[in-house]
Amino acid sequence: TIILHKDYTPSDELKKDIERQLKEAGEARAKNEFENNVLNELIKLTEAEIPDCMVEDKQEQLAQDFNYRVQQQGLDPKLYLQYTGMTEETFKAQFKDRAVEQVKLSLALEEIAKIEKVEVTDEEYDSKISEMAEAYKMEADQLKKFINADDMKRDMLFEKSMNLVVDAATPTKEKKTAAKKPAAKKETAEKEPAAKKTTTAKKPAAKKETAEKETAAKKTTTAAKK
């Protein structure tokens, strides 16, 4: 248990570190949200006839991933089904919509990789294996025995294609915003000269009318005196 004194004041260094972490966390959330929105739009634009077997395989994979996470928390997947009142069928059925979306996304990214000629080199694969081996505190050669190289390269290919889509979407948003601002300024600039011309045109008319009234008044006064 940590007990802080009531007069405790965090140091400036700690404050700056907290501010930095909050800023980085906020930027990471914004980035993830933007990427998810882009990929969701890509899924909506993807039209394809998806074989049922692909959806069923993805459902099974999602269900297994969920069961693995449940076991990591110390729960028995069968007991989880009892607690939630679900059967094996209803449990897997809840993953169908997500499975369809992920299959459509995979097909779209695979097509983008073909069009853009995206490739994963052996050097990139070895670098990824080394990175994972370091994280798991294993030798790279030992880790390769537990990994399907084709599946790994496929995931890396999709990641590179995904980055292409997200990077291409970023400048489009900026261009639209930049294009709107000059139009607004131009419209305002056009209105202002028009307003000035109208005001300028009215003033001489007012002076002319006053002058005519004064002349008529003087004539009337002179005629009355005579």
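Leu22 lies in helix H1, which spans residues 12-45. In this predicted model, Leu22 has a relative accessibility of 59% and therefore counts as exposed, the cut-off for that class being over 50%. Together with Leu14 and Ile18, Leu22 forms a nonpolar patch on the surface, and the accessible area of the three residues together is about 270 Å².

Charged residues are also linked to one another: Asp17, Arg20 and Glu24 are joined in a network of salt bridges.

## Overall architecture and confidence

The protein chain contains 8 helices and 0 strands. Read from the N terminus, its elements follow the order α-α-α-α-α-α-α-α. Of the 226 residues in the chain, 18% count as buried. The accessible surface amounts to about 18700 Å², and carbon and sulfur atoms account for 53% of this surface. When contacts between residues at least 6 apart in sequence are considered, 75% of them join residues at least 24 apart.

The mean pLDDT of the chain is 78, with 71% of residues reaching 70 or more. Over residues 172-226 the pLDDT stays under 50, and for this segment the model has 0 contacts beyond four places in sequence.

## The largest nonpolar core

The largest nonpolar core comprises 12 residues: Ala113, Val118, Val120, Tyr125, Ile129, Met132, Ala133, Leu143, Ile147, Met152, Met156 and Leu157. Helix H6 (122-136) and helix H8 (149-225) each supply at least two residues of this core. The largest share, 4 residues, comes from H6. In soluble globular proteins, nonpolar side chains tend to be buried together.

Ala133 is one of the residues of this core. Apart from neighbours within four places in sequence, Ala133 is in contact with Met138, Glu139, Ala140 and Leu143.

The structure holds 7 salt bridges. One of them joins the side chains of Glu60 and Lys92, with an N to O distance of 2.8 Å. This pair links distant parts of the chain, since Glu60 belongs to helix H2 (residues 52-72) and Lys92 to helix H4 (residues 88-93), 32 residues apart. Glu60 counts as partly exposed because its relative accessibility is 31%. Lys92, with a relative accessible area of 30%, is likewise partly exposed.

Glu124 forms a salt bridge with Lys160, and the closest N and O atoms are 3.1 Å apart.

Asp126 forms a salt bridge with Lys144, in which the closest N and O atoms are 3.4 Å apart. Asp126 is partly exposed, with a relative accessible area of 35%, and Lys144 counts as partly exposed at 33% relative accessibility.

Definitions and conventions
Residues are numbered from 1 along each chain as its sequence is written. This is a predicted model: local features need pLDDT of at least 70, side-chain atom pairs count only at pLDDT 80 or more; totals for chains, interfaces and linings use all residues. Side-chain values use heavy atoms; hydrogens and water are left out. pLDDT is the predictor's confidence in each residue, from 0 to 100. Contact means heavy atoms within 4.5 Å. A nonpolar core is a set of buried Ala, Val, Leu, Ile, Met, Phe, Trp, Tyr and Cys residues joined through side-chain atoms within 4.5 Å. Buried means under 20% relative accessible area, exposed over 50%, partly exposed in between (1.4 Å probe, protein chains only). A salt bridge is a side-chain nitrogen of Lys or Arg within 4 Å of a carboxyl oxygen of Asp or Glu. Patches are made of residues with over 30% relative accessible area and no salt bridge: like charges are joined within 9 Å, nonpolar side chains (Val, Leu, Ile, Met, Phe, Trp, Tyr) within 5 Å. Accessible areas come from the Shrake-Rupley method with a 1.4 Å probe; for residues, only the protein chains shown count as cover.
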